[in-house]
Amino acid sequence: MSVHTKPKVYVADDDADVLGSLRFLLEADGFDVRTFRSGIALLNASDHAPVDCFVVDYKMPELNGVELAERLRKQGATAPVVLITGHYDDRLEARAAAVGIQDFLLKPLLDDNLVKRIRKAIANEHSTTAQRAS
């Protein structure tokens with residue numbers, strides 16, 4: 001991410017109202033946001049390589065958020081993934097961690113928490129990338 005560009009965030013959720021709210025929240029906070037109604041649609045996006053962070057809902061038809069994160073990694077995506085869900089489960093946390101999901105948040109408590117987590121995930125990824133390069 002260049003200093004002069006907005007961080008790019010891809011958001012996948014099957015609920016159009018949630019997508020609209022998240023787009024508004026994130027764009028108001030300075031992010032370049034692209035939304036997808038399914039994990040499959042996000043995977044089919046041709047330009048996901050320059051993404052700074054993925055925000056994905058856990059419970060979606062066809063492909064849940066953990067499966068989506070796993071497929072993104074297999075495609076070579078290295079950007080952090082933040083999982084959002086309406087249902088907390090210890091097993092979900094373990095499955096998410098196993099595929100490299102650094103963080104997850106419960107709906108509907110997204111607002112500022114989500115913005116902070118995305119910024120932290122992007123900063124951590126850039127820090128890790130810089131350390132690997134040196």
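Predicted model: local features only at pLDDT ≥ 70, side-chain atom pairs only at ≥ 80, totals over all residues.
**Helix α1**

I began with the extent of α1, which runs over residues 16-28, and found that its 13 residues reach 18 Å from the first C-alpha to the last, close to the 18 Å expected at 1.5 Å a residue.

I then asked which residues of α1 are buried, and noted V18, L19, L22, L25 and L26. These residues cover an arc of only 135° around the axis, which puts them on the same side of α1. Turning to the face of α1 that points away from this buried side, I listed D17, F24 and A28 as the exposed residues carried there.

For the two ends I made separate notes. After α1 comes G30, for which I wrote down a positive phi, near 95°.

**Residue D57**

I next looked up D57 in the record, where an unreviewed UniProt entry gives the annotation "modified residue: 4-aspartylphosphate" for this position. In the model I located D57 in strand β3, which spans residues 53-57.

Finally, I collected the surroundings of D57, leaving aside its neighbours within four places in sequence, and found D57 in contact with A12, D13, D14, N64, G65, L83, I84, T85 and K107.

Key:
Residues numbered from 1 in each chain as written. Heavy atoms only, no water. Helix = DSSP H or I, 4+ residues; strand = E, 2+ residues; numbered from the N terminus. Expected span 1.5 Å × (residues − 1). Buried < 20%, exposed > 50% of the residue type's maximum accessible area, 1.4 Å probe, protein only. Arc of directions from axis to C-beta. UniProt positions renumbered as here; feature names shortened; annotations may be inferred. Contact = heavy atoms within 4.5 Å.
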